[in-house]
Amino acid sequence: MLKGNRSFNQRRFKEMCLICTLFCLAMTSFVLPLFRQNKTETAILNEVERIVHNIEKRLTQQHNKHIHDIKRVIAVPKLQASDHISEQIATEIRDGMQHAFQAYMRDAWKSDEYMPVTKKGTNTFGGKGLTIIDSLDTLYLMKLSSEFNAAKHFVATEFQFEGQINVFENTIRVLGGLLSAYSLTKDDIFLAKATMVGEVLLGAFPQRIPCGVINTNRPNWCGTQSWANGKVVNAEVGTLALEFVALSRFTHDPRWSDKITAINKYWKKHDNSLLQMNIDPHTEQMSGPATIGGGIDSTYEYFIKLKALTGDPLASDLYSIFEEMIVKQMFVTYGQTTFARAAGSDTLEHLGCFLGGMLIMGQKYVAEGLAMTETCARMYTSNPSGLACDQVRISKDGSIHCKNDLYLLRPETVESIFYAWRETHDQKWRDYATKIWKAIAKHCEVESGGFSDVRHVASRPTKTDKQESWFLAETLKYLWLTFQSDDILPLDKYVFNTEAHPIESF
Ligand code: DMJ
């Protein structure tokens with residue numbers, strides 16, 4: 001290698017090293033800080049972005065919550081799935097009412113009751129248009145306007161109250177129906193007709209214990225039911241209180257409530273033991289079995305209901321005394337089945353199924369009332385048809401056996417289910433009501449119109465051709481009300497008579 005070349009190379013090498021050193025210095029002083037600064041800015045930008053994003057997210061969440069709160073305040077609460085089902089069942093029941101009443105209008109108008117299979121009327125109570133009056137309030141509540149208007153037109157222009165009068169039945173169905181229509185509508189025509197009926201019913205009081213039957217064509221005649229051996233039945237005496245007291249309050253005329261005050265004094269004299277089935281209207285002697293079903297049922301029911309209607313202190317006292325005796329002396333539980341074992345018998349009548357509702361209303365023995373209602377509901381669900389027998393026997397293991405193989409479209413079980421629903425809002429009561437309604441629709445509905453009593457409930461239900469007026473007054477009304485909100489006829493403002501006619505309390 002040439003010496004001159006080597007020194008040139010050495011010089012170039014030194015120059016290169018110097019340039020490199022300078023480059024590195026420059027990098028350290030200018031470029032790296034710049035690079036570092038860039039990195040910080042990116043991090044800051046990222047941080048800012050994150051904060052902005054979080055703020056946006058929080059604002060969106062707050063906005064959504066705000067909107068949700070506003071909706072909650074101003075909007076109708078969203079319906080639950082079960083509410084939709086309730087609406088649907090209520091509509092079916094209302095359609096059932098229309099189906100029952102329109103068929104009666106078509107084939108049996110002005111008759112007392114309807115025979116839907118043969119499509120004709122039957123005058124069970126002397127031909128007073130009983131079904132029309134018993135149906136007034138149900139039609140009104142269900143907003144079946146054209147049917148209600150037709151019924152009202154009949155009341156205003158054609159309704160007569162004369163001839164043979166069954167005092168108990170006409171009080172609970174006719175007087176009760178008219179008073180309820182007045183209480184709900186405040187239409188004076190209903191009070192005028194109720195007063196007309198009340199005037200006739202005063203004829204049942206030649207003495208304190210009323211006659212079972214009177215006749216406007218025989219002014220001094222005081223009769224009893226043909227099957228009652230010259231005595232009146234306990235419930236015929238005890239089940240006038242609500243209607244008579246309400247009529248006096250509406251008219252400011254004490255003639256009716258005076259009768260009830262006298263009768264309540266009679267009960268007070270007999271409040272040391274459970275009431276018996278028959279009363280001699282002349283000697284006032286009580287006799288017969290102390291049951292809880294038909295014949296005595298509504299006497300007990302009217303003590304608590306009179307208390308609820310007016311606050312009557314004697315009625316309140318009587319209710320507490322008899323309620324205690326009923327629960328302490330009658331209630332038993334066999335297996336899982338609780339029921340009122342009346343007069344030493346293991347038979348439970350469908351009529352006795354009002355008792356669950358009554359105890360729930362009394363509020364002291366709600367648990368017993370609910371248990372009894374459950375037993376009555378199981379009278380339906382334990383039959384393959386889903387309908388209850390009119391009487392059952394309960395065996396010691398709690399199983400339920402059909403004793404009277406008829407279903408008469410009766411209301412007592414759905415009445416108690418209605419009270420149980422209002423008391424607990426437990427879905428199981430609506431489920432029971434749904435099952436009962438579906439069984440009625442399946443086995444009792446007549447395709448051409450109306451609903452019929454059936455026999456052979458436990459095996460193959462067969463229609464017997466009678467549409468009871470209480471089916472429209474009570475059974476369909478209580479079923480429908482079980483699927484309505486509690487504001488429809490709140491129980492602290494309305495009292496239902498024993499035929500399910502609501503009267504606003506005073
Ligand atoms: C109705 O007329 C009334 O509920 C009465 O108190 C008892 N019997 C029937 C229904 O079963």
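**Glu92 and Lys438.** I looked up this pair in the predicted model and found their side chains meeting in a salt bridge, 3.1 Å from N to O. For my notes, a salt bridge is a side-chain nitrogen of Lys or Arg within 4 Å of a carboxyl oxygen of Asp or Glu. Glu92 sits in helix α2 (residues 81–108) and Lys438 in helix α15 (residues 427–443), so the contact ties together parts that are 346 residues apart in sequence. Helices here are DSSP runs of H or I with at least four residues, strands are runs of E with at least two, and the numbering goes from the N terminus. I then checked accessibility: Glu92 is partly exposed at 25% relative accessibility, and Lys438 is partly exposed at 36%. My cut-offs are under 20% relative accessible area for buried, over 50% for exposed, and partly exposed in between, with a 1.4 Å probe and protein chains only.

**Ground rules.** I number residues from 1 along each chain as its sequence is written, and I use heavy atoms for side-chain values, leaving out hydrogens and water. Since the model is predicted, local features need pLDDT of at least 70 and side-chain atom pairs count only at pLDDT 80 or more, while totals for chains, interfaces and linings use all residues.

**Lys268 and Asp317.** Lys268 is partly exposed at 32%, and Asp317 is partly exposed at 30%.

**Lys466 and Glu468.** Buried or exposed, these two? I found both Lys466 and Glu468 buried. Their side chains meet in a salt bridge at 3.0 Å, N to O. A search of the whole structure gave me 24 salt bridges.

**Positive phi.** Most residues other than glycine have a negative phi. I noted Lys143, a non-glycine with a positive phi near 60°. Lys143 lies in the loop between α3 (130–141) and α4 (145–157), and is exposed with a relative accessible area of 63%. Ala500, not a glycine either, has a positive phi of about 65°. I placed Ala500 in the loop between β16 (494–496) and β17 (502–504), where its relative accessibility of 0% makes it buried.
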